[in-house]
Amino acid sequence: MLEATGLMVFYENMLALNNVSIKCEDKQIVGVFGANSAGKSTLMYTLSGIMEDIRKKETMAGGERITVLGQIRFLGRDITDLKPSKRAREGIILCPERRRIFPECSVIENLRIGAYLATPSQAKDTLEYVFKVYPSLERLQKRVGGFLSGGEQQMLAVGRALMAQPKLLLMDEPLLGLSPRIQAMLVRSTKEIRDEKGISIIVTEQYARPVLPIVDYAFILENGAAVLEGPRDEVLNNPDVRSAYFGVSE
Ligand code: ATP
């Protein structure tokens with residue numbers, strides 16, 4: 001479904017992604033694990049195309065030079081030069097790190113904004129589905145986004161991304177700062193979304209432990225390079241994974 005090869009991203013002279021190749025097959029959940037600054041968000045911005053917007057903004061502001069190299073194919077087509085809005089239309093939807101919901105808008109408004117790529121009937125069906133997966137969002141639908149708890153905001157961020165009708169959902173550190181109970185619920189719901197909707201998912205996390213059970217395939221990123229990859233069980237049983245698994249470098 002998605003195949004990126006030889007991705008390199010430089011922030012000025014700093015190499016943030018070093019020749020990363022990553023693949024996500026149809027209906028797979030792929031985990032990308034790595035410590036702080038490993039390059040997870042850079043990878044997600046590059047796959048979703050948002051890096052192109054960041055690059056242009058920096059150039060216009062006379063800031064640092066961002067260079068992006070490599071190739072990205074999605075559903076058999078080269079999308080390397082496709083703008084982020086076009087990639088979203090093709091079905092690549094990013095659920096960004098730290099949620100980034102619209103804090104002044106209500107839950108239902110946030111969800112409706114997400115539906116900008118959906119037909120009215122898709123929007124209606126998806127809204128029902130989002131409320132089925134996250135019943136608390138239905139109860140909270142008039143609540144202003146900024147007043148939600150971290151876990152509720154994360155549910156809303158995923159719900160909003162679903163409203164955009166993704167074929168491939170990119171989830172950047174969805175569990176960040178949440179309690180183990182909420183983390184477990186979000187992990188369960190992520191698997192449910194893949195199983196029930198057939199949406200492929202690439203999820204990044206600092207700590208592999210909570211997410212590894214639901215991923216089919218995993219990559220370990222270190223200092224911008226993919227140092228290890230394999231099917232879940234292979235990665236689980238690899239002694240070198242301990243550092244990524246526990247989030248400490250040994
Ligand atoms: P975290 O878990 O902290 O979010 P991450 O794995 O997502 O980390 P990135 O945000 O992709 O890591 O950052 C990778 C490296 O690139 C880091 O060293 C970071 O400081 C650097 N970096 C990220 N964005 C920029 C930028 N706009 N300009 C310069 N350096 C940047």
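Is Arg89 buried or exposed? Select Arg89 and see. This is a predicted model, so keep that in mind as you go. Arg89 has 61% relative accessibility, so it counts as exposed. The cut-off for exposed is over 50%.

**Stop 1: around Arg89**

Together with Arg89, they make up a patch of positive charge on the surface.

**Stop 2: helix 1**

Select residues 40-48. This is helix 1, and it is mostly covered. How many of its nine residues are buried? The count is nine of nine. Lys40, Ser41, Thr42 and Leu43 are among the buried residues. Then step past the end of the helix. Gly49 follows helix 1, and its phi is positive, near 90°.

**Stop 3: a loop glycine**

Move to Gly62. It lies in the loop between helix 2 (50-60) and strand 4 (66-74). Gly62 counts as exposed because its relative accessibility is 63%. Next, draw a distance from Gly62 to Val9. These two residues are 53 residues apart along the chain. Their C-alpha atoms are separated by 18 Å.

**Stop 4: helix 5**

Select residues 120-133 for helix 5. Start with Lys124 and Glu128. Their side chains form a salt bridge, with the closest N and O atoms 3.7 Å apart. Why can such a pair form? Side chains of opposite charge can pair when their charged atoms come close. Lys124 and Glu128 are four residues apart in helix 5, so about one helical turn separates them. Lys124 counts as exposed, at 53% relative accessibility.

Now pick Thr126, also in helix 5. Thr126 is buried, with a relative accessible area of 11%.

**Stop 5**

The model has 13 salt bridges by the rule used here. Select Asp26 and Lys27 for one of them. The closest N and O atoms of this pair are 3.5 Å apart. Asp26 is partly exposed, with a relative accessible area of 47%. Lys27 is also partly exposed, at 45% relative accessibility.

Jump to Arg194 and Asp195. Their side chains meet in a salt bridge, 2.8 Å from N to O. Arg194 is buried, with a relative accessible area of 11%, whereas Asp195 is partly exposed at 43%. Salt bridges that share partners join Lys191, Arg194, Asp195 and Asp216 into one network.

**Stop 5: Thr190**

Finish in helix 8, residues 180-197, where Thr190 is found. Is Thr190 buried or exposed? Its relative accessibility is 9%, so Thr190 counts as buried. Now show what surrounds it. Leaving aside neighbours within four places in sequence, Thr190 is in contact with Ile29, Met171, Ile201 and Ile214.

Conventions
Residues are numbered from 1 along each chain as its sequence is written. This is a predicted model: local features need pLDDT of at least 70, side-chain atom pairs count only at pLDDT 80 or more; totals for chains, interfaces and linings use all residues. Side-chain values use heavy atoms; hydrogens and water are left out. Patches are made of residues with over 30% relative accessible area and no salt bridge: like charges are joined within 9 Å, nonpolar side chains (Val, Leu, Ile, Met, Phe, Trp, Tyr) within 5 Å. Accessible areas come from the Shrake-Rupley method with a 1.4 Å probe; for residues, only the protein chains shown count as cover. A salt bridge is a side-chain nitrogen of Lys or Arg within 4 Å of a carboxyl oxygen of Asp or Glu. Lys and Arg count as positive and Asp and Glu as negative; His and the chain ends are not counted. The place of a charge is taken as NZ of Lys, CZ of Arg, CG of Asp or CD of Glu. Buried means under 20% relative accessible area, exposed over 50%, partly exposed in between (1.4 Å probe, protein chains only). Helices (H or I, at least four residues) and strands (E, at least two) are DSSP runs, numbered from the N terminus. Contact means heavy atoms within 4.5 Å.
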